[in-house]
Structure formats: structure tokens, C-alpha cells
Amino acid sequence: MTDHAQHQTMGHPSPWPWIVILATLGLLYAIGLVRQPQSKHWNPWRTLRWYAGLLVAGAALIGPLPVAAQTSFVAHMTGHLLLGMLAPILLVLGAPITLGLRALPVARSRRCVRLLSQPAFALVAHPVTAAVLNMGGLAVLYTTDLYRIMHEHALVHVVVHAHVLLAGYLFTAAMIGLDPVIHRPSYLYRAVVLVLAMGVHSILAKSLYAYPPAGVPGDQAQAGSMLMYYGGDAVDLVLIVIFCAQWFRATRPPPRIVPAALPSG
Amino acid sequence: MDLRNHDRTTTAGARNTISGALLGIGAAAFVDEAVFHQILHWHHFYDKSTTEVGLVSDGLFHAVSWFATVAALFLFADIRRGNAFRRVRWWSGLLLGAGAFQLYDGLVQHKLMGLHQIRYGVELWPYDLVWNVIAALMIVAGIILYRRDASAPPSA
């Protein structure tokens with residue numbers, strides 16, 4: 001078990017930071033739900049998606065999967081697909097910002113909107129920035145020593161996983177977000193960014209087959225590479241369908257005017 | 001081009017071609033993946049002769065074809081919604097897209113970039129020949145259908 005020996009320094013990653021973070025996110029959403037104005041209806045599907053997203057993220061961060069991921073690259077990659085791709089789709093479709101803005105008193109809600117309209121937020125939320133943060137993070141993780149270091153230092157482990165979730169959220173929100181943004185680039189623009197990001201994901205996945213990350217045995221790297229390639233496709237399919245469905249709805253032609261309804265003469 | 005304004009910026013004919021071509025690219029890539037990688041196991045996920053540029057090309061085309069498949073179907077639904085479907089024009093797009101993708105895969109990715117070969121442990125040239133001739137035939141058929149659509153009187 002040479003592989004195990006390499007990862008001995010840290011032991012199992014502690015679940016506690018994540019239990020606290022995910023529970024807080026769940027609690028905040030619940031407070032938002034309770035504080036909704038009586039007059040407004042909140043779509044229960046959004047609530048369901050938000051909590052499903054927290055569960056999926058939890059599965060990647062708490063329990064048997066992160067423990068197995070200490071020694072198994074395939075388990076690590078399963079966690080990556082759940083935390084960086086599937087959980088963000090569910091969380092984004094929970095529309096947490098919209099919920100929060102509605103729950104706050106009007107004055108504070110306006111102040112939050114002003115804060116969110118700052119150029120810094122617009123820059124980070126831009127599709128290109130979000131894609132670079134997302135794919136760049138993965139490239140750094142798998143092509144430098146970071147993957148090995150992550151398994152030796154608890155703090156690095158938390159930071160890397162937080163980055164995967166946050167960057168995944170930003171990217172997904174830039175593509176299919178329901179929450180209001182200052183400026184959303186056109187569908188074609190976003191489609192190009194989406195395809196390029198998916199392309200980089202496929203390139204990274206397949207290159208892991210040939211060039212395993214530091215400390216990962218060849219056979220594990222190959223299995224993990226194929227899981228990233230095809231598993232990524234599966235989650236991307238969900239993202240693409242939602243993206244195209246939003247386009248289809250947004251481009252719905254205006255209802256035909258029945259000639260009889262027109263004023264005569 | 002903003003897809004939201006496609007009604008104004010592109011004609012119905014072009015939209016039929018785009019939808020067909022995207023589905024053609026997606027279908028060719030799907031057959032490649034499902035039949036040759038997964039069922040026959042002729043193609044290999046990675047080949048020791050795969051070049052760096054081959055990896056990049058593979059990843060990008062993989063992403064393009066995956067997105068194209070879904071986008072093509074939504075575009076198709078959009079065309080039908082606007083009563084703008086032109087069967088011959090759409091099929092010409094599909095054949096052009098599928099043929100172009102297969103020719104690129106067969107000539108550039110398999111041969112120039114050495115991504116992987118069609119099959120291993122066999123005399124390769126008949127496979128390459130059949131692969132690329134089929135691709136060329138699809139492109140020719142696509143051009144013929146395109147011309148037939150262009151010469152047909154516009155149906156009301």
C-alpha cells in the first residue's frame with residue numbers, strides 16, 4: 001500500500017467544517033422561506049432543489065466518500081462530479097439570492113442589490129471569469145503538486161473543496177442562473193463559453209489517463225480519467241438541456257393576433 | 001448573431017441547415033462513441049501515439065458534438081413552432097454536418113493527430129478508405145439535397 005503511505009500525514013478529513021457550512025446554508029434558506037412576504041408565492045421546486053443540492057454536496061464532503069477519496073482516485077472523482085457539477089446545478093436552481101432579497105426588508109434588500117451590482121461581483125459572475133476559475137482550479141489541482149498536498153494538509157483540503165463548489169456554482173449561475181444579474185450575455189455567447197469549458201474538462205479528463213496526478217497510481221488514474229470524461233458528459237447533458245430549454249422559452253414567439261380581434265377599418 | 005433575434009437575422013432556410021448540421025455532427029459523434037468505442041471496442045480511449053494537439057481536438061469536438069445534439073433538437077422544435085420546417089433542406093444540413101465531422105475525424109484526428117486508429121491489429125487502409133469514402137458520400141448527398149431544395153419552388 002505505497003499509495004496509502006503517501007497519504008498518511010493527515011488522516012481522514014474532518015467532516016465538521018462542512019457540517020457547519022452546509023447546515024448554515026440550509027438554515028439561512030429556511031429563514032428566507034419563513035420571512036417571505038405573504039403576498040408572494042415561492043415555487044416549492046426551488047426549495048426542493050436547494051436542499052437536494054446541499055445533500056449532494058454533503059455526500060461529497062461528509063461520510064464514506066471523502067474517506068475513500070483519501071486513497072482512491074475514482075472516489076475522489078465521484079466527489080468532484082457531485083460537488084463541482086451536480087450540486088451547483090441544484091443549488092443555482094434554488095434561486096437563493098432571489099429568496100434572500102425577497103425576505104429582507106425593502107431598504108436592506110435595496111442595499112444588497114447595490115452591493116451585488118458592484119463591478120467586482122459582475123466581474124466574478126461573468127461567464128468567462130467563472131469558467132476560468134472553474135476549469136483553471138481543476139487544471140491547477142491535477143497538473144501541479146496540489147493534489148498530493150491537499151491530502152496532507154487539512155486546511156488545503158477544505159480550501160480546495162470550497163473552491164470546487166464555489167467556482168462550480170459561479171459557472172453554473174453564469175450559464176443557467178435564475179437569480180437576477182446586472183448584465184447577462186446573449187445565449188450564443190454563453191453557449192460558446194459553455195462548449196469551451198466542457199472541452200477543457202474533456203481535455204483535462206483524458207490527459208489524466210496519460211499523465212496521472214502526483215501520487216496517483218496509473219490504473220486508478222485511468223479509471224478516474226474515464227469517470228471524469230463520461231461522468232462529466234452525463235452532468236453536462238443536464239446543464240445543456242436546461243440551458244437550451246431556457247433559450248426555447250425566452251424565444252417563444254409572441255401570441256398570434258387573431259384578425260377578428262383587430263379593430264376594423 | 002444573437003440567437004434571440006434569429007428570426008430577423010437568419011432566414012428559415014439557414015435555420016433548417018443549422019439545426020440539421022448540428023444534429024448531423026452530434027449523430028456522427030454519437031455513432032463513433034457508442035458503436036466504435038463502447039460496442040465494438042475498436043477505438044481506444046487513449047492511444048500511446050495520441051499527440052497533445054490530438055487531446056485538445058478530441059476534447060473540443062467531444063464538447064461541440066454533445067452540445068450540438070441537444071441544441072439541434074431545440075432548434076428543430078423552434079423551427080416547427082414557427083412552421084418553418086423544410087425537410088429537404090434540413091436533411092441536407094444533417095448529411096453535411098455528419099459527413100464533415102466524420103471526414104475531420106477520419107483524416108485529421110485519426111491520421112494527422114494520431115488520436116487513435118479505427119481498429120487495432122488489422123490491415124488499416126481498407127478501414128480508413130471505407131470510413132472516409134462514407135464521409136465524402138454524405139457530403140456529396142448533402143450538397144445534392146441542398147441544390148434540390150434551392151431549385152424547388154417555395155412552398156406556401
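**Entry 1: helix H5 of chain A**

I kept in mind that the model is predicted. I looked up H5(A), which runs over residues 73-92 and has 20 residues. I compared its reach with the expected value. From first C-alpha to last, H5(A) reaches 27 Å, close to the 28 Å expected at 1.5 Å a residue. I then looked for a bend. H5(A) bends by about 35 degrees at Leu86(A). A proline, Pro88(A), follows within four residues. H5(A) is mostly covered, with 18 of its 20 residues buried.

**Entry 2: where chain A touches chain B**

I looked up the contacts between the two chains. On one side are 26 residues of chain A, and on the other 23 residues of chain B. I asked which elements of chain A give two or more residues to this side. They are helix H12 (187-210) and helix H13 (218-250) of chain A. H12(A) gives the largest share, 14 residues. I also sorted the chain A side by residue class. It divides into 18 nonpolar, five polar and three charged residues.

**Entry 3: chain B**

I went through the elements of chain B. I found five helices and zero strands. From the N terminus on, the order is α-α-α-α-α. I checked the extent next. The C-alpha trace of chain B spans about 55 × 30 × 25 Å along its principal axes. Of the 156 residues in chain B, 40% are buried. I finished with contact separation. Among chain B contacts with a separation of 6 or more, 88% join residues 24 or more positions apart.

Definitions and conventions. Residues are numbered from 1 along each chain as its sequence is written. Chains are lettered from A and ligands numbered from 1 in the order in which they are written. This is a predicted model: local features need pLDDT of at least 70, side-chain atom pairs count only at pLDDT 80 or more; totals for chains, interfaces and linings use all residues. The expected span of a helix is 1.5 Å times one less than its number of residues. The bend at a residue is the angle between axes fitted to the seven residues ending there and the seven starting there. A residue is buried if 20 or more other C-beta atoms lie within 10 Å of its own, exposed if 12 or fewer, and partly exposed in between; C-beta atoms are placed from the backbone. Two residues are in contact if their C-beta atoms, placed from the backbone, lie within 7 Å. Ala, Val, Leu, Ile, Met, Phe, Trp, Tyr, Cys and Pro count as nonpolar, Asp, Glu, Lys and Arg as charged, and the others, Gly among them, as polar.
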